Amino acid sequence: MMIMKIIFVLYFTILLPLALAQLKVGFYKTSCPRAESIVKAAVQKRFNTDKSITAALLRMHFHDCFVRGCDASILIDSTNQSRSEKESGPNLTVRGYELIDEAKKALEKVCPSKVSCADIITLATRDSVVLAGGPSYDVPTGRRDGRVSNINEVNLPGPSLSVSQAFQSFKDKGLTMDDMVTLLGGHTVGVAHCFFFSGRLTNFQGTGKPDPSMDAGLVTTLKGICGNGSNPTAFLDQGTSFSFDNEFYRQIRAKKGVMKIDQELTDDRLSSGIVSRFASNANLFRTRFAQAMVKMGNIQVLVGNAGEIRKNCRVINSK
């Protein structure tokens, strides 16, 4: 146990700062000057026909960074020899892979083997947030792609966890409670399949009644959406569903959190104060969200000669 604690301390006090020092804004300025504009163009094209892509990319980025770090391991397809992260339960509803493929294909034509898939995810997510009305922020780049993707390593915090349980996963990645509440604010443009919250609508914890912490009107609305049995999706922000703003925090303060973890943010003393501040101060949320996204994007990154630059984001390069 003591050895594990020492390793943990060394990572966050020595190795993480070293990695951050090797990432920098404008990393591709010389090697691929058009890198960021090419990614932006691909995102813009998709956003023009599908505004839900912002939520999809935010989820992809989060799921990637919380397993082996931000190394694009989530993009790797399974093979006959191994099952990748894509096949894990939490990742079965992750989407947006074809957008990353499109950006990578365009980049390979201009700058072969220069821009990592990990950086494409990070840049594309930022660009989609901006298009949805969210903050614009500089993204340090220079990540390299991982060569491992294992279904058994996927252990993501689920929507039914308590605030303290969910926070443990964030804390393990070097993130604070403020970071967690901030990043969950991305749900302002999010959706969730009914199976993630249906237990709150009818027989909550065996009571035979809906979750008392959910607004009765929202219960009725969600029952109407989820009643056909096909597991459709519902907006996590019932107010301004496609706009990146602080409405999510106002909604959960009004007992309109769709997922259990969202509602508990405003009910738990560990996070309620942060929720209140963001609900009343949109600019504060925008500023903190940009900071938290940059911080999350630096989790366990591969830099220098570590990893590789994949030619195809779905396939590890041949040795």
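How many salt bridges does the structure hold? The structure holds 19 salt bridges. The model is predicted, with a mean pLDDT of 93 for the protein chain and 93% of its residues at 70 or more. Over residues 4-20, however, the pLDDT is below 50, and this stretch has 16 contacts in the model beyond near neighbours in sequence.

**Salt bridges between helices**

- Glu-36 and Arg-126 form a salt bridge, with their closest N and O atoms 3.1 Å apart. Glu-36 belongs to helix α2 (residues 35-47) and Arg-126 to helix α5 (residues 117-131), so this pair links distant parts of the chain, 90 residues apart.
- Because Arg-288 lies in helix α12 and Asp-179 in helix α7, the pair ties together parts that are 109 residues apart in sequence.
- Both Arg-288 and Asp-179 are buried.

**Other salt bridges**

- Asp-77 pairs with Lys-86 in a salt bridge whose closest N and O atoms are 2.5 Å apart.
- Lys-86, at 13% relative accessibility, is under the 20% cut-off and therefore counts as buried. Asp-77, at 29%, counts as partly exposed.
- A network of salt bridges links Arg-46, Asp-50, Arg-95 and Glu-98.
- In general, side chains of opposite charge can pair when their charged atoms come close.

**His-63**

- UniProt lists His-63 under "active site", in an unreviewed entry.
- His-63 is located in helix α3 (residues 53-65).
- With 6% relative accessibility, His-63 counts as buried.
- Leaving aside residues up to four places away in sequence, His-63 touches Ile-74, Pro-90, Asn-91, Val-94 and Leu-156.

**Helix α11**

- Helix α11 spans residues 272-280, and its buried residues are Ile-274, Val-275, Phe-278 and Ala-279.
- Viewed down the axis of α11, these buried residues fall within an arc of 135°, so they line one face of the helix.
- As background, an α-helix has 3.6 residues a turn, so residues three or four places apart point the same way.
- The packing partners of the buried α11 residues are α7 (177-184), α9 (247-253), α10 (260-267) and α12 (282-296).
- Two of these partners, α7 and α12, also hold the residues of the Arg-288 and Asp-179 pair.

Terms used: Residues are numbered from 1 along each chain as its sequence is written. This is a predicted model: local features need pLDDT of at least 70, side-chain atom pairs count only at pLDDT 80 or more; totals for chains, interfaces and linings use all residues. Side-chain values use heavy atoms; hydrogens and water are left out. pLDDT is the predictor's confidence in each residue, from 0 to 100. Contact means heavy atoms within 4.5 Å. Buried means under 20% relative accessible area, exposed over 50%, partly exposed in between (1.4 Å probe, protein chains only). Helices (H or I, at least four residues) and strands (E, at least two) are DSSP runs, numbered from the N terminus. The arc is that of the directions from the helix axis to the C-beta atoms. UniProt positions are given in the numbering used here, feature names are shortened, and annotations may be inferred rather than shown by experiment. A salt bridge is a side-chain nitrogen of Lys or Arg within 4 Å of a carboxyl oxygen of Asp or Glu.
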